[in-house]
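Dear colleague,

Please find the structure below, handed over for your records.

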Amino acid sequence: MDKLVIEGGVKLKGEVTISGAKNAVLPILAATLLTDEPCVIKGVPNLRDTVSMLKILRALGKNAEFEKGRVNVTRGKFHSHFAEYRLVSTMRASFCVLGPLLGKLKKAKVSLPGGCVIGVRPVDLHLKGISALGADISIDSGYVIARAGNLRGSYIYLGGIYGSSVLATDNVMMAAVLAKGKTTIESAACEPEVADLAEFLIKMGAKIKGHGTPVIEIEGVKHLHGAAHTIIPDRIEAGTMILAALITGGDILVKNVQYQHLGALIDKLSEAGAALEHRDGILRARGTRRLKPVNITTLPYPGFPTDMQAQMMSLMSVTPGISLITEKIYPDRFMHVAELNRMGAHIQREGPHAIVEGVKKLSGAPVMASDLRASAGLVLAGLSARGNTSISRIYHLERGYESIEEKLINLGAKVWREKE
Ligand code: UD1
């Protein structure tokens, strides 16, 4: 296993180009199961999770080739409806093959994804939505077994106790596009990645309205055809790079940014007094000003993203004053708190809240990455800290950040990999 070592204290300078969005590409690849015709997906980030999804597509009978940011998916020699535990357990997004398998093959056997360090992560909303379309669902030996003679459109309220669900909305939308009649998904997730999936499905011939809003309407069609699509830029990678500039006192240009997808983050950073300028998909982030602490509550889109909580906590750790961070999506997503405290941060967790008392400087230390975004938070902390920080279990980072070391090195950071 590799660890990432960062010599902190370098002000980042230069340009960085944001890759395609992880959370858009995974369901979009799953959506290619809805047709036998060829699909071409462009702007695909080379991530561990992308590679995992391609393995699942192949196990389900597709040919899938990935070269230079482009995936070609074509019909293979067989169709399987069985997504086994070994493949699904590597990432939760693989569960979104359930909807397309059921839509296309009328049956699916998909392993339950299980929990992970950020919390329990149930799939009740996925199953509720898919049963509302007329599927018979049973759970046996850790597998969801779903069958449907014919899926029928339905009214589905998909809100849960933590609000809307991204992947449940994706799953239900993908099952509904080939169902007979009209489906209305109320309390649908509004994340740009869900809207991007809908755009791809529309290119395949689906009839969808209202995507990007809490009410999605789908008129089922008999058949979907092949399509080509370019993935939207990754707003979480963009946000992470912006914070990297701010936390190091650097000055960088972040290219391939969809500014409107970053509303809640930009708003909080403006409140903190950060210097940000934006023009034509390029954002300039300068860490030249002294920031003020801000309070943050994570919420479904367009609220502040839970996937930026750890990174924002790192920034607040070195912003003098007190900030309150409240996690409303995954109340246990605080694994990074103890690691940041090992670097000299003053953070106290109280249930779903973290009280951050900003310090002047963190000091480098050996720390452990627990999940993808916690790792990103630790990278930011390491970039700003005095001395060396070594982050173990760096494979988490590779799940969601394309060429992260290369991108940081290009910005002047002193970062390298070592064997554990
Ligand atoms: C997606 C993102 C992930 C992000 C998360 C929240 C992908 C591949 N992953 O994950 O990066 O952190 O959205 O923005 O897109 N819930 C239920 N029942 C369900 C499903 C979810 O109670 O059936 C709860 C979850 O436990 C959580 C909340 O709903 O508290 C939101 O989770 P959800 O939007 O489903 O997360 P994912 O789609 O798994």
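A nonpolar surface patch of about 230 Å² is formed by Ile322, Leu324 and Ile355. Patches consist of residues with over 30% relative accessible area and no salt bridge, like charges being joined within 9 Å and nonpolar side chains (Val, Leu, Ile, Met, Phe, Trp, Tyr) within 5 Å; accessible areas come from the Shrake-Rupley method with a 1.4 Å probe, and for residues only the protein chains shown count as cover. Leucine 324 belongs to strand 19 (residues 321-326); helices (H or I, at least four residues) and strands (E, at least two) are DSSP runs numbered from the N terminus. Its relative accessibility of 33% makes leucine 324 partly exposed, where buried means under 20% relative accessible area, exposed over 50%, and partly exposed in between (1.4 Å probe, protein chains only).

Please note that this is a predicted model, in which local features need pLDDT of at least 70 and side-chain atom pairs count only at pLDDT 80 or more, while totals for chains, interfaces and linings use all residues. Residues are numbered from 1 along each chain as its sequence is written, and side-chain values use heavy atoms, with hydrogens and water left out.

The whole structure contains 20 salt bridges, a salt bridge being a side-chain nitrogen of Lys or Arg within 4 Å of a carboxyl oxygen of Asp or Glu. Glutamate 398 and arginine 48 form one of them (2.9 Å, N to O). This pair joins helix 13 (residues 395-398) to helix 2 (residues 48-59), across 350 residues. Both residues also belong to a network of salt bridges that links Asp2, Arg48, Glu398, Glu405, Arg417 and Lys419. Within helix 9 (residues 263-272), lysine 268 and glutamate 271 lie three residues apart, about one turn of the helix, and their side chains meet in a salt bridge (3.0 Å, N to O). Lysine 268 is buried at 18% relative accessibility, whereas glutamate 271 is partly exposed at 41%.

No disulfides were found in the whole structure, a disulfide being a pair of cysteine sulfur atoms within 2.5 Å. The sulfur of cysteine 39 is too far from its closest cysteine sulfur for a bond, because that sulfur, in cysteine 96, lies 15 Å away. Cysteine 39 is buried, at 2% relative accessibility.

In helix 5 (residues 124-132), the buried residues are Leu125, His126, Leu127, Gly129 and Ile130. Just after helix 5, glycine 134 adopts a positive phi of about 105°.

Yours sincerely
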